[in-house]
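I opened my notebook to look up a few things in one protein structure.

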Amino acid sequence: TNYKAVNLIGLIGAADMGQSSFTEHSGGAIGDIDFDDLVIDDNKAKGRLIFRLAESTNIIMVHKRVRDHLLAKGFDDLEFYEPDEIAT
């Protein structure tokens, strides 16, 4: 009763690769990008408030409204970072 689970299905390619700073691996620009500075293209995000980033599948993007709601509900063990603070 003390645990919650969330399954984020699918990936959204929303990184602005022209504005972001990153290292691309041999697999191309999907799934395995190491970002030093991530910039999200709002047009590509299409208003989604939470999603897994296609360019680096270990990143879950969370809109500030979702973050604020979670914190207000007591989810204080979560860590949130600004996109320009992400280093993967």
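**Ground rules.** I noted that this is a predicted model, in which local features need pLDDT of at least 70, side-chain atom pairs count only at pLDDT 80 or more, and totals for chains, interfaces and linings use all residues. Residues are numbered from 1 along each chain as its sequence is written, and side-chain values use heavy atoms, with hydrogens and water left out.

**Whole chain.** I looked up the secondary structure and found 2 helices and 4 strands. Along the sequence they follow the pattern β-β-α-β-β-α. Helices (H or I, at least four residues) and strands (E, at least two) are DSSP runs, numbered from the N terminus.

I then checked burial: buried residues make up 23% of the 88 residues in the protein chain. Buried means under 20% relative accessible area, exposed over 50%, and partly exposed in between (1.4 Å probe, protein chains only). The accessible surface of the chain comes to about 6,300 Å², and 48% of that belongs to carbon and sulfur atoms. Such areas come from the Shrake-Rupley method with a 1.4 Å probe; for residues, only the protein chains shown count as cover.

For contacts (heavy atoms within 4.5 Å), I took those between residues at least 6 apart in sequence, and 50% of them join residues at least 24 apart.

I found A45 in helix α1. Is A45 buried or exposed? A45 counts as buried because its relative accessibility is 6%. Leaving out residues up to four places away in sequence, A45 touches I12, A14, I40 and F51. The C-alpha atoms of A45 and A14 are 5.2 Å apart, although 31 residues separate them along the chain.

K46 sits in the loop between α1 and β3. K46 counts as exposed, since its relative accessibility is 64%. I also noted that K46 has a positive phi of about 55° although it is not a glycine.

**S20.** S20 lies in the segment before β1 (21-23). S20 is buried, with a relative accessible area of 10%. Which backbone oxygen does the side chain of S20 reach? It is that of D16, at 2.8 Å. A polar atom of the S20 side chain also lies 2.8 Å from the backbone nitrogen of V39. Not counting residues up to four places away in sequence, S20 touches F35, D37, L38 and V39.

**A54 and Y81.** A54 is in the loop between β3 and β4, and A54 is buried at a relative accessible area of 7%. Y81 belongs to the segment after α2, and Y81 counts as exposed at 53% relative accessibility.

**Largest pocket.** I looked up the volume of the largest pocket, which is about 950 Å³. Of the 31 residues that line this pocket, the closest to its centre are I60, M61, V62, H63 and F80. The elements giving two or more residues to the lining are α1 (42-45), β3 (50-52), β4 (60-62) and α2 (64-72).

A pocket is an open set of points on a 1 Å grid over the protein atoms alone where a 1.4 Å probe fits, with protein on both sides within 12 Å along at least five of seven lines; lining residues have an atom within 4 Å of a point. Grid points are joined across faces, edges and corners, and the volume is the space filled by probe spheres set on the points.

Key:
A polar contact is a pair of N or O atoms within 3.5 Å; within protein, one must be able to donate a hydrogen and the other to accept it, and residues adjacent in sequence count only if both atoms are side-chain atoms.
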